[in-house]
Amino acid sequence: MALLFIAKDPNSDDDNCPTVWVDDQTQELVVQGWDGDAATVERCLKDGPVPEGESVVRLPASMIKAIREACDVAERTAVR
């Protein structure tokens, strides 16, 4: 597995940076974000359980460009 770094949140400091990568073999996005707060998790649970090994993660709007780029990279690596 090789993770391709895409971007860190441009509005965060070096200690608290939501980040996105793409796994170049599976084309999966790998994200680092803030843990969902209790209200966010509670709302998400209305749509279904959050199984063991999964988390509710929040990414700021400033990461939208990076997420789009990550999607584009994932699509490109799938067509090699």
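Predicted model: local features only at pLDDT ≥ 70, side-chain atom pairs only at ≥ 80, totals over all residues.
The protein chain has two helices and five strands, and from the N terminus on its elements run β-β-β-β-α-β-α. Below, the tour goes from the overall build to the core, the hairpin, a few loops and the charged residues.

**Overall build**

- The C-alpha atoms of the protein chain fill a box of roughly 40 × 30 × 20 Å, taken along the principal axes.
- The protein chain has 80 residues, and 26% of them count as buried.
- Among contacts with a separation of 6 or more, 45% come from residues 24 or more positions apart.

**The nonpolar core**

- The largest nonpolar core has nine residues in all: Ile6, Ala7, Val20, Val22, Met63, Ala66, Ala70, Val73 and Ala74.
- Two or more residues of this core come from each of β1, β2 and α2 (64-78), and α2 gives the largest share, with four residues.
- Ala7, one of the core residues, touches Pro18, Thr19, Val20, Met63 and Ala66, when residues up to four places away in sequence are not counted.

- β2 (residues 19-23) holds Thr19.
- Thr19 has a relative accessible area of 1%, so it counts as buried, the cut-off being under 20%.
- Beyond residues up to four places away in sequence, Thr19 touches Phe5, Ala7, Lys8, Val30, Val31, Gln32 and Met63.
- A polar atom of the Thr19 side chain lies 2.8 Å from the backbone oxygen of Cys17.
- β2 and β3 (residues 29-32) run antiparallel and are joined by four bridges; within this pairing, Val20 stands opposite Val31 in β3.
- The two strands β2 and β3 form a hairpin, with five residues between them.
- Gln27 sits in the loop between β2 and β3 and has a positive phi of about 60° although it is not a glycine.
- For context, most residues other than glycine have a negative phi.
- With 24% relative accessibility, Gln27 counts as partly exposed.

- Asp9 is found in the loop between β1 (3-8) and β2.
- Asp9 is buried yet has no salt bridge, and the nearest side chain of opposite charge, that of Lys8, is 11 Å away.
- What the side chain of Asp9 does reach is the backbone nitrogen of Asn11, at 2.9 Å.
- Setting aside residues up to four places away in sequence, Asp9 touches Pro18, Trp34, Pro60, Ser62 and Met63.
- Ala61 belongs to the loop between β5 (57-58) and α2.
- Ala61 is exposed, at a relative accessible area of 62%.
- Along the chain Ala61 and Asp9 are 52 residues apart, while their C-alpha atoms are separated by 9.2 Å.

**Gly33, back to the opening example**

- Gly33 lies in the loop between β3 and β4 (34-35).
- Its relative accessibility is 25%, so Gly33 counts as partly exposed.
- Gly33 and Asp72 are 39 residues apart in sequence, and their C-alpha atoms are 20 Å apart in space.

**The salt bridge**

- Side chains of opposite charge can pair when their charged atoms come close.
- In this model, a search of the whole structure finds one salt bridge.
- The side chains of Asp47 and Arg43 meet in a salt bridge, with 2.8 Å from N to O.
- Asp47 is exposed, with a relative accessible area of 62%, and Arg43 is partly exposed, with a relative accessible area of 44%.

Notes:
Residues numbered from 1 in each chain as written. Heavy atoms only, no water. Buried < 20%, exposed > 50% of the residue type's maximum accessible area, 1.4 Å probe, protein only. Polar contact = N/O pair within 3.5 Å; in protein donor to acceptor, adjacent residues only side chain to side chain. Contact = heavy atoms within 4.5 Å. Pairing = 2+ DSSP bridges. Lys, Arg positive; Asp, Glu negative; His and termini not counted. Salt bridge = Lys/Arg side-chain N within 4 Å of Asp/Glu carboxyl O. Core = buried A, V, L, I, M, F, W, Y, C linked by side-chain atoms within 4.5 Å.
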